[in-house]
Amino acid sequence: GGTTRALPYSWHRVGEQDFRPGGSLSRWAVELQLWASYRAQVLARTARGMLCCERALRVLGEIEHPRPAGMPLDKYQAWLRQLAGDKFTYLVAAQAYGKQRNSSELSERWAARGIELLLAQHSAMRVAYLDSAPG
């Protein structure tokens with residue numbers, strides 16, 4: 001790609017240690033991972049798109065149930081999030097997630113970490129995956 005041509009020496013020196021706490025890229029690790037996920041993973045793009053449905057439910061709740069006088073804004077917004085959460089949960093299948101999160105390969109663990117970031121960002125998201133039983 002263009003990055004490897006522009007910075008051939010530096011790009012090939014980037015490793016997992018650069019993203020660990022104290023590493024040269026640690027402060028951008030989450031942003032870089034989300035950027036890569038949104039660019040390359042259908043799951044990340046789907047989750048981001050489905051978030052629009054959750055947001056739409058909050059807007060609908062706001063229209064149908066305006067904030068009562070005297071209710072603090074943060075409490076009202078928490079109520080709207082709870083209302084949308086009661087009506088909206090989405091389940092995605094990421095069959096390889098179980099294998100990826102236990103892999104010794106950096107690229108596999110990176111993919112699993114991307115799914116974990118999506119779960120942290122989207123509280124209404126659940127992941128179904130295959131896992132192997134020990135033994």
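These notes cover a helix, a core, a strand pair and a loop residue in a predicted model.

1. Helix 7 spans residues 106-121, which makes 16 residues. From its first C-alpha to its last, helix 7 reaches 22 Å, close to the 22 Å expected at 1.5 Å a residue. Its buried residues are Ala 111, Ala 112, Gly 114, Ile 115, Leu 117 and Leu 118.

2. The largest nonpolar core holds 17 residues, and those touching the most other members are Leu 43, Tyr 90, Leu 118 and Met 125. Two or more residues come from each of helix 3 (29-40), helix 4 (42-64), strand 1 (90-93), helix 7 and strand 2 (125-128). Helix 7 gives the most, with four residues. In soluble globular proteins, nonpolar side chains tend to be buried together.

3. Leu 118 of helix 7 is buried. Apart from neighbours within four places in sequence, Leu 118 is in contact with Tyr 38, Leu 43, Ala 44, Ala 47 and Met 125.

4. The side chains of strand 1 alternate. Strand 1 pairs with strand 2 in the parallel sense, over four bridges. Val 92 has Val 127 of strand 2 as its bridge partner.

5. Ser 103 lies in the loop between helix 6 (97-101) and helix 7. Ser 103 counts as buried because its relative accessibility is 16%, and the cut-off for buried is under 20%. Its side chain reaches the backbone nitrogen of Glu 105 at 2.9 Å. Not counting residues up to four places away in sequence, Ser 103 touches Glu 108 and Arg 109.

How values were computed:
Residues are numbered from 1 along each chain as its sequence is written. This is a predicted model: local features need pLDDT of at least 70, side-chain atom pairs count only at pLDDT 80 or more; totals for chains, interfaces and linings use all residues. Side-chain values use heavy atoms; hydrogens and water are left out. The expected span of a helix is 1.5 Å times one less than its number of residues. Buried means under 20% relative accessible area, exposed over 50%, partly exposed in between (1.4 Å probe, protein chains only). A nonpolar core is a set of buried Ala, Val, Leu, Ile, Met, Phe, Trp, Tyr and Cys residues joined through side-chain atoms within 4.5 Å. Contact means heavy atoms within 4.5 Å. Two strands pair if DSSP finds at least two bridges between them. A polar contact is a pair of N or O atoms within 3.5 Å; within protein, one must be able to donate a hydrogen and the other to accept it, and residues adjacent in sequence count only if both atoms are side-chain atoms.
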